[in-house]
Amino acid sequence: PERGLGIAVKIDDGATRASTAAIAHLLAWLDGFRPDAMTAVDTLRFAEITAAAGGTTGRVQPARAWLT
């Protein structure tokens, strides 16, 4: 609040996993988290996609251009 910023994200696919990763990455980029929370935040920024059978099938992550 002290920065006077607001963030809104709309992801067209209708799932929340991409918007969660996007918001977590934006807030991390803005230094919106305590340093000791970054391990937990990274689980949101780089979330694994798990198949119904239990195996990891992929990962949601910000586009390469977002990482700079």
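Which residue in strand 2 is the bridge partner of isoleucine 49?

## Basis of the model

This is a predicted model, in which local features need pLDDT of at least 70 and side-chain atom pairs count only at pLDDT 80 or more, while totals for chains, interfaces and linings use all residues. Residues are numbered from 1 along each chain as its sequence is written, and side-chain values use heavy atoms, with hydrogens and water left out.

## The strand pair

The bridge partner of isoleucine 49 in strand 2 is glycine 58. Strand 1 (residues 47–50) and strand 2 (residues 56–60) run antiparallel and are joined by four bridges, where pairing requires that DSSP finds at least two bridges between two strands. Helices (H or I, at least four residues) and strands (E, at least two) are DSSP runs, numbered from the N terminus. The hairpin that these strands form has five residues between them, and glycine 54 takes a positive phi near 105° there.

## Arginine 17

Arginine 17 lies in helix 1 (residues 16–29) and, because its relative accessibility is 48%, counts as partly exposed; with a 1.4 Å probe and protein chains only, buried means under 20% relative accessible area, exposed over 50%, and partly exposed in between. Leaving aside residues up to four places away in sequence, arginine 17 touches Ile49 and Val60, a contact being heavy atoms within 4.5 Å.

## Arginine 34

Arginine 34 is placed in the loop between helix 1 and helix 2 (38–45), and it counts as exposed because its relative accessibility is 57%.
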